[in-house]
Amino acid sequence: MAVLVVKHSALGDMILALPLLRAIRQHHAGERIVVLTTAPYVELLQRSGLADEVWADPRPKAWQPLKLWALLRRIRRGGFNRIYDLQGSQRTKGYYRMLGSPADIWVGNAPGCRYHIPDPSGPMHISELRRRQLALVGIPDPGLPDLNFLHGDIARFALPTRFALLVPGGAPHRPAKRWPAAHFAALGRHLLDQGITPVLIGRAAEQAEISIIQAACPDAISLCDQTAIADLATLGRVAAVCIGNDTGPMHIIAASGCPSLVLYSAESDPRKVSPRGDWVRLLQRPSLQDLSVADAIAALPPFRST
């Protein structure tokens, strides 16, 4: 007996999918669990221990029929008695059709499948939608993400005992999702007044924002382009608080149990996708340019004590 779970991306959605995988694993105890994902998430899923095998989907283009045929053949030869589509995309609906519409074993939003979850008519958090999807086959509420399997070596950063994480970046093609760097700097100075050192998290593409923050808040520590997923989870377990934009690392940090404040503009809808954790607060303005530092400070969750 074998089960296939399809989940391609993105980072935040992948973190939110971990409880689903855990619930599927428990429901299908003793069966072989295979996850079809994309290359950036293979290692994460392997480390999770929630799958017996992790396959990388090359997501073939229309002009790559041989790659597509090879992927479909691999799925057909997998002998799967259940396929969970946790992506729900046009691509995965296409896989359903090209596999011959295996209606009796498919759990997803592909038209005609036996276990069909319709696309929501209004705003619904993706975790709630997937919870309802699993309920179709008798799988109970999977709960919150658990990242206890992720452990990074943060001793190499030599951070002070009391620190906060600031995540000022986000998708490069969606700058409206970013709170101004100058505001993050002002927030950093406020944290320093509380005896908490701001630690800046981001990728190399976000170095410009981080440099602006450091120029206005020189005591902030930059870990730009130095943190892997496991590092973020480990930092989140010990940080006093985290403040950041609507971006993937916030899902990791919030899921690690860090008190977190996530900032939203009208560019995204937290009712559909937002980090889940033991203590997460959301703050939204039509434009993040209009979100004052004072309002952000007022919305901060209680700091974790050392």
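How many cavities of 30 Å³ or more does the count come to?

1. The model under discussion is a predicted one, and the count comes to two cavities of 30 Å³ or more. The largest cavity has a volume of about 60 Å³, while the second largest cavity has a volume of about 30 Å³.

2. The lining of the largest cavity is made up of Lys7, Asp13, Leu16, Ala17, Leu20, Leu86, Ile126, Ser127 and Arg130. Both α1 and α5 supply at least two residues each to this lining, and the largest share, four residues, comes from α1. Sorted by class, the residues around the largest cavity divide into five nonpolar, one polar and three charged.

3. Turning to the open spaces, the largest pocket holds about 1,200 Å³. Of the 46 residues that line the largest pocket, Ala10, Leu11, Gly12, Asp13 and Gly248 are the closest to its centre. The elements that give two or more residues to this lining are α1 (11–27), α5 (126–135), α8 (229–238) and α9 (248–255), and α9 provides the largest share, with four residues. The class composition of the lining is 19 nonpolar, 15 polar and twelve charged residues.

4. For the second largest pocket the volume is about 160 Å³, and its lining consists of Leu16, Pro19, Leu20, Ser127, Glu128, Arg131, Asp141, Pro142, Gly143, Leu144, Pro145 and Arg276. Here α1 and α5 each contribute at least two residues. By class, the lining of the second largest pocket has six nonpolar, two polar and four charged residues. Leu16 and Leu20 are listed in this lining, and Leu16 and Leu20 are listed in the lining of the largest cavity as well.

5. With 17 residues, α1 reaches 25 Å from its first C-alpha to its last, which is close to the 24 Å expected at 1.5 Å a residue. A kink of about 35° lies at alanine 17 in α1, shortly before proline 19. Alanine 17 is one of the residues that line the largest cavity, and proline 19 is one of those that line the second largest pocket.

6. The buried residues are Leu11, Gly12, Met14, Ile15, Leu16, Ala17, Leu18, Pro19, Leu20, Leu21, Ala23 and Ile24. Among them, Leu11 and Gly12 also belong to the residues closest to the centre of the largest pocket.

7. The largest nonpolar core has 51 residues, and those with the most contacts inside it are Tyr84, Leu165 and Leu235. The elements that give two or more residues to this core are β1, α1, β2 (32–37), α2 (42–48), β7, α8, α9 and β11 (260–264). The largest share of the core, nine residues, comes from α1.

8. The peptide bond from serine 9 to alanine 10 is cis, with omega near -5°. Alanine 10 lies in the loop between β1 (2–6) and α1, and alanine 10 is also among the residues closest to the centre of the largest pocket.

9. Serine 101, in the loop between α4 (90–98) and β5 (106–108), has a phi near 55°, a positive value in a residue other than glycine. Serine 101 is partly exposed, with a relative accessible area of 34%. Alanine 158 likewise has a positive phi, of about 50°, although it is not a glycine. Alanine 158 is placed in the loop between α5 and β7 (163–167), and alanine 158 is exposed, with a relative accessible area of 65%.

Note on methods:
Residues are numbered from 1 along each chain as its sequence is written. This is a predicted model: local features need pLDDT of at least 70, side-chain atom pairs count only at pLDDT 80 or more; totals for chains, interfaces and linings use all residues. Side-chain values use heavy atoms; hydrogens and water are left out. On a 1 Å grid over the protein atoms alone, a cavity is a set of points where a 1.4 Å probe fits but cannot get out, and a pocket is an open set with protein on both sides within 12 Å along at least five of seven lines; lining residues have an atom within 4 Å of a point. Grid points are joined across faces, edges and corners, and a volume is the space filled by probe spheres set on the points. Ala, Val, Leu, Ile, Met, Phe, Trp, Tyr, Cys and Pro count as nonpolar, Asp, Glu, Lys and Arg as charged, and the others, Gly among them, as polar. Buried means under 20% relative accessible area, exposed over 50%, partly exposed in between (1.4 Å probe, protein chains only). The expected span of a helix is 1.5 Å times one less than its number of residues. The bend at a residue is the angle between axes fitted to the seven residues ending there and the seven starting there. A nonpolar core is a set of buried Ala, Val, Leu, Ile, Met, Phe, Trp, Tyr and Cys residues joined through side-chain atoms within 4.5 Å.
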